Amino acid sequence: MPSITLLLILVAVVFVMFAAILRRYRRCPSDKILVIYGKTGRKSSARCIHGGAAFIWPVFQDYAYLDLKPISIECNLQNALSKQNIRVDVPCRFTVGISTEPEVMNNAAERLLGLSTDSIQSIATDILFGQLRLVIATMDIEEINADRDKFLASVSANVEAELRKIGLKLINVNVTDIRDESGYIEALGKEAAAKAINDAKKSVAEQNRYGETGKAMADKDTRVNVAAADADAVKGENNAKIEIANSDALRRQKTAEADRLAVAAEKVQAAKALEEAYQSERDAEMARAEREKATQQANIVVAAEIDKQKKIIEAEAEAEQARRKAKGEADAIFAKMDAQARGLFEILTKQADGFKNLVGAAGGDAQKAVLMMIADKLPELVKTQVEAVKGINIDKVTVWDTGSGTDGKTATSNFISGMMKSVPPLEDLFKMAGMELPNYLKGQATTEE
């Protein structure tokens with residue numbers, strides 16, 4: 001039972017929602033414009049529909065109608081100033097209505113929505129009076145009275161442009177009799193009537209004159225035509241004789257011209273034949289010259305070109321051989337230098353590893369490691385000093401010793417001592433190398449700390 005009740009409630013809710021949707025779906029009659037305003041999703045403030053239908057969203061949108069029924073407006077314009085500064089009365093009747101053009105419909109929705117027919121008629125009347133006065137001020141009385149089409153076209157153009165701004169369009173304009181306070185238009189009418197009467201009288205008199213004159217002209221034409229016919233007959237005979245003489249002269253002229261053309265043609269043909277013979281001989285000589293030229297070119301130019309190509313190929317081969325030889329030498333030098341550099345790198349690397357191990361063996365004391373190296377190289381150093389003295393070749397030394405000396409030394413001992421000093425001492429060798437000879441090698445006692 002509760003499920004049936006719930007089902008009925010859902011059906012009722014769906015029915016209510018469907019009915020609400022149907023109520024918001026509006027159809028537009030053909031004599032109205034449906035204006036949807038609110039959130040339309042467009043740049044314009046409203047969306048206008050003429051015919052068809054649309055869905056009106058609740059809360060966000062609303063709608064209204066604009067009536068398309070024509071509005072008849074009577075404009076009895078009085079004392080309007082024309083171009084000639086003459087005041088005229090122009091009674092007119094305009095028929096206007098809201099336009100169905102998209103852009104103009106939007107103007108109507110923005111400016112006329114919600115207004116009554118009387119309000120719209122009042123707004124349109126003000127525009128019509130103003131534009132009617134403007135058109136009359138630009139035209140003469142004769143144009144307004146006589147050329148009604150031009151007057152109505154000017155009124156329609158000016159009024160239509162202004163009515164579009166508020167969403168209206170001009171359906172029809174009707175102008176009745178135009179009057180002026182000075183009687184100018186009435187005088188124009190009287191003038192036109194008098195002119196018509198005078199034109200009629202003039203036409204009758206002219207027709208009578210044409211009748212009398214026509215009879216006299218007919219008699220004259222008869223006599224003239226007879227005389228002209230006789231003259232034409234004589235003239236025809238003379239013309240025939242002239243034509244015969246001209247024909248004979250023309251025949252003789254054509255015969256002479258034909259003879260001249262024949263002689264000229266024979267001479268021209270003979271000249272052409274001679275010219276063609278010369279041309280053939282010239283062509284033959286040119287062909288022979290071309291053949292000789294081709295032969296010479298084949299014998300000399302082609303051989304020279306082949307020799308040139310051969311020399312170019314040999315030069316390129318020699319250049320390629322030189323490039324390859326130079327590249328081989330460069331590769332050999334590079335390999336030799338690379339091997340020397342690798343050998344030197346290995347020597348220096350091994351020496352560095354040896355020095356590192358020596359410093360490690362000395363307990364991390366670099367100075368002790370140097371002393372160990374010196375001790376290792378000491379026999380060679382002593383040998384070097386001995387070799388320095390050993391190489392001296394002394395054949396004979398004569399020393400004159402007078403027995404005198406200083407500090408208990410004789411001249412002989414001073415000589416020997418000076419000669420020994422000429423050999424670089426071991427301590428000086430160490431100093432030149434930037435090192436200090438240990439005290440125990442200097443013969444000095446070391447002090448314990």
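This is a predicted model: local features need pLDDT of at least 70, side-chain atom pairs count only at pLDDT 80 or more; totals for chains, interfaces and linings use all residues.
Q: How many helices and strands are in the protein chain?
A: Ten helices and eleven strands. Helices (H or I, at least four residues) and strands (E, at least two) are DSSP runs, numbered from the N terminus.

Q: What share of the residues counts as buried?
A: 16% of the 449 residues. Buried means under 20% relative accessible area, exposed over 50%, partly exposed in between (1.4 Å probe, protein chains only).

Q: And what about contacts between residues at least 6 apart in sequence?
A: Of those, 64% join residues at least 24 apart. Contact means heavy atoms within 4.5 Å.

Q: Switching to helices. At what angle do α3 and α5 pack?
A: About 140°, with the axes 9 Å apart. Helix α3 covers residues 117-136 and helix α5 covers residues 148-164. Axes are lines fitted to C-alpha atoms, for helices over the stretch in contact, and angles run from 0 to 180 degrees between N-to-C directions.

Q: Why call α3 and α5 oblique?
A: Angles under 35 degrees count as roughly parallel, over 145 as roughly antiparallel, 65 to 115 as roughly perpendicular and the rest as oblique. The angle is about 140°, so α3 and α5 are oblique to each other.

Q: Which residues make the contact?
A: From α3, they include Ala124, Ile127, Leu128 and Gln131. From α5, Phe151, Ser154 and Val155 are among them.

Q: Where is serine 154, and what does it touch?
A: Serine 154 is in helix α5. It touches Val135 and Met139, not counting residues up to four places away in sequence. Serine 154 is partly exposed, at 25% relative accessible area. Its C-alpha is 9.6 Å from that of glutamine 131, 23 residues apart along the chain.

Q: New topic. Which residues touch the most other members in the largest nonpolar core?
A: Phe94, Ile136, Phe151 and Leu163, out of 42 residues. α3 gives the most to this core, with seven residues. A nonpolar core is a set of buried Ala, Val, Leu, Ile, Met, Phe, Trp, Tyr and Cys residues joined through side-chain atoms within 4.5 Å.

Q: What is isoleucine 136 in contact with?
A: Leaving aside neighbours within four places in sequence, its contacts include Leu77, Val88, Ile144 and Phe151.

Q: Which residues of helix α2 are buried?
A: Val104, Met105, Asn107, Ala108 and Ala109. They pack against several elements, including β2 (32-38), β7 (87-98) and α5.

Q: Last one: where is lysine 368?
A: Lysine 368 is in helix α7 (residues 366-390). It is partly exposed, with a relative accessible area of 49%.

Note on methods. Residues are numbered from 1 along each chain as its sequence is written. Side-chain values use heavy atoms; hydrogens and water are left out.
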